[in-house]
Amino acid sequence: MPEEIPGLLERLAEVPDPRDPRGVRHALVAVLALTACAVLAGATSLLAVGEWITDAPPFVLERLGVRPDPLSPKRCVPAEATVRRLLARVDGDALDRAVGRWPADRRAGADGQLHAVAVDGKTLRGAARATGRKIHLLAACDHLSGLVLAQLDLARRPTRSPASSLCWKASPIWRA
């Protein structure tokens with residue numbers, strides 16, 4: 001399992017950092033990796049993510065690339081407010097592609113066999129854009145592994161199935 005962590009960090013490094021590089025205290029990769037670990041550990045809110053990050057063991061912080069504080073022996077972890085602001089500014093589609101590529105790199109079937117893929121669209125309940133329009137997602141799932149290979153935020157609800165071609169074009173998984 002530990003040998004997979006650098007692969008995930010490499011994929012998270014593909015997400016563009018929306019911040020001005022001057023004054024950046026926490027690397028985007030470290031914040032995203034800490035957030036992923038917190039969610040995998042059961043955090044269901046940003047407050048819980050912040051608490052998990054605060055309580056994370058030093059060896060986890062080191063492994064995920066959290067820089068040491070130059071004035072104390074501890075590592076400098078991002079506050080919950082920092083995580084909240086940064087996640088609000090990150091390009092969601094780029095993050096989706098990076099996270100989707102990581103398990104796709106490890107999926108079974110590198111033997112050249114075809115795999116069944118399910119494509120499904122959903123409207124998110126309780127979420128809306130600033131304009132008030134609901135958010136519609138289109139996702140592709142690998143039947144063999146059960147992994148979501150690609151997910152696309154659609155600007156409007158599709159009325160016919162060819163909208164699924166957007167998902168194929170957006171995902172590097174479909175390119176040979």
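**Figure 1. Strand 2 and strand 3 pair in the antiparallel sense over six bridges.** Strand 3 covers residues 148–154; strands (E, at least two residues) and helices (H or I, at least four residues) are DSSP runs, numbered from the N terminus. Two strands count as paired if DSSP finds at least two bridges between them. Five residues lie between strand 2 and strand 3 in their hairpin, and Gly 146 in the turn has a positive phi of about 80°.

The model is predicted: local features need pLDDT of at least 70, side-chain atom pairs count only at pLDDT 80 or more, and totals for chains, interfaces and linings use all residues. Residues are numbered from 1 along each chain as its sequence is written, and side-chain values use heavy atoms, with hydrogens and water left out.

**Figure 2. Strand 1 and strand 2 run antiparallel and are joined by eight bridges.** Strand 1 spans residues 117–128, and Val 117 stands opposite Asp 142 in strand 2. The hairpin of strand 1 and strand 2 has five residues between the strands, where Gly 132 takes a positive phi near 95°. Strand 2 (residues 134–142) is mostly covered, with seven of its nine residues buried. Buried means under 20% relative accessible area, exposed over 50%, and partly exposed in between (1.4 Å probe, protein chains only).

**Figure 3. Helix 3 (residues 46–55) has Val 49, Gly 50 and Ile 53 as its buried residues.** Seen down the axis of helix 3, these residues fall within an arc of 100°, so they line one face of the helix. The arc is that of the directions from the helix axis to the C-beta atoms. The buried residues pack against helix 2 (28–40), helix 4 (58–63) and helix 5 (80–89). Thr 54 and Asp 55, on the other side of helix 3, are exposed.

**Figure 4. Thr 35 is found in helix 2.** Thr 35 counts as buried, at 10% relative accessibility. Leaving out residues up to four places away in sequence, Thr 35 touches Val 49, Val 83 and Leu 87; a contact means heavy atoms within 4.5 Å.

**Figure 5. Glu 14 forms a salt bridge with Arg 11.** A salt bridge is a side-chain nitrogen of Lys or Arg within 4 Å of a carboxyl oxygen of Asp or Glu. The closest N and O atoms of Glu 14 and Arg 11 are 2.7 Å apart. Arg 11 is buried, with a relative accessible area of 19%, whereas Glu 14 is partly exposed at 38%. By this rule the count comes to five salt bridges.

**Figure 6. Asp 17 meets Arg 19 in a salt bridge, and Asp 20 forms one with Arg 22.** The N to O distance between Asp 17 and Arg 19 is 2.8 Å. Asp 17 is partly exposed at 34% relative accessibility, while Arg 19 is buried at 18%. The closest N and O atoms of Arg 22 and Asp 20 are 2.8 Å apart. Arg 22 counts as exposed, at 69% relative accessibility, and Asp 20 as partly exposed, with a relative accessible area of 41%.
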